[in-house]
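Colleague: Can you take me through this one? I have the sequence and the structure open.
Modeller: Ask away.

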Amino acid sequence: MKNKDMAEYIHGYDPEEQQRLVDQARYWGDRLLLKDLAFDPKAKILDIGCGVGAVLEIIGEKFPTLTFAGIDHQPRQIAYATEYLRRLGFKTDLQVGDAYTLPWAENTFDFALTVWLLEHVPDSAGIIAEALRVLRPGGKICLTETDYQNLLIYPPHPDFDYFQQALCELFQVADGNPYVGRSLGGYLEQAGFTGVKNEAIAVHHWHSPQNQDLKGLVDHLDTWIKLMIPQMVEKLGKNPDHLENGLTHFRQVPQHPHGAITLTIYRATGCKPQP
């Protein structure tokens, strides 16, 4: 059995994937990542599963006086993040390590976050418990995840349904959970956080001559879902023709006069109780 902190990351760590993570954070920055964020100017922020530091960059651009920390189990990601954020002038403490045994003392941080992390791990509760430990009393946590079963398109197509189900199965065979967003509020309450909120944010775009939002979302998602097909074939034994046809249909949604896509993203927040 795999060590729980070394669950397989289905996206890999090559330079193209590292750049994709930077682009992804920029795409979701104002749309999602910065939503309702406010900090004391001297707050200490921890990104658990920080990857290449892309989310910290987005936050740092808006709140440059903060102190940032991050952890990831992959040395290549931390090496990239360290250099990337250094060039941007941010004060950081980035470490290679285990999200289930954080290397910081209790009551260290004012804010902790995870973004697209818990979908990749087998034990979300363990990571959330560690976040609670290192937060100061009154400190806040923010968890952000999507739900891959709730990516809805129009017009529908059976081969896209086949692709979508294979995508969910791929997360599961890699010890992840493609549906974890639905449960974030429960995880936070069970860990001991108070004032918990778990918001379902619907991102919905439709074919319109007034803007390119639908095409932009399709292009954004296509940058990574197209790379999943070889793994679906190799690890799950899926039919490559059905998968390619489903992806082709997805790419054509913006051209359909009634084309539309809805993506549900879950964002959960809570506070560490005061003594």
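Predicted model: local features only at pLDDT ≥ 70, side-chain atom pairs only at ≥ 80, totals over all residues.

Colleague: Which residues of helix α8 are buried?
Modeller: Helix α8 covers residues 229-236, and Ile-229, Gln-231 and Met-232 are buried there. They sit on the same side of α8, because they cover an arc of only 160 degrees around the axis.

Colleague: What covers the buried residues of α8?
Modeller: The cover includes three helices: α5 (158-173), α7 (213-225) and α9 (240-252).

Colleague: And which residues are exposed on the other side of α8?
Modeller: Pro-230 and Glu-234 are exposed there.

Colleague: New topic. Where is Arg-20?
Modeller: Arg-20 belongs to helix α1, residues 15-33.

Colleague: Is Arg-20 buried or exposed?
Modeller: Buried: its relative accessible area is 9%, and the cut-off for buried is under 20%.

Colleague: What is Arg-20 in contact with, leaving aside its neighbours within four places in sequence?
Modeller: Arg-20 then has contacts with Tyr-9, His-11, Thr-223 and Trp-224.

Colleague: Now the strands. How many bridges join β2 to β3?
Modeller: There are 5 bridges between β2 (residues 67-72) and β3 (residues 92-96), and the two strands run parallel. In β3, Val-96 stands opposite Asp-72.

Colleague: Which helix makes a β-α-β unit with β2 and β3?
Modeller: That is α3, residues 75-88, and the β-α-β unit is right-handed.

Notes: Residues numbered from 1 in each chain as written. Heavy atoms only, no water. Buried < 20%, exposed > 50% of the residue type's maximum accessible area, 1.4 Å probe, protein only. Helix = DSSP H or I, 4+ residues; strand = E, 2+ residues; numbered from the N terminus. Arc of directions from axis to C-beta. Contact = heavy atoms within 4.5 Å. Pairing = 2+ DSSP bridges. Right-handed = clockwise from strand over helix to strand, strands pointing away.
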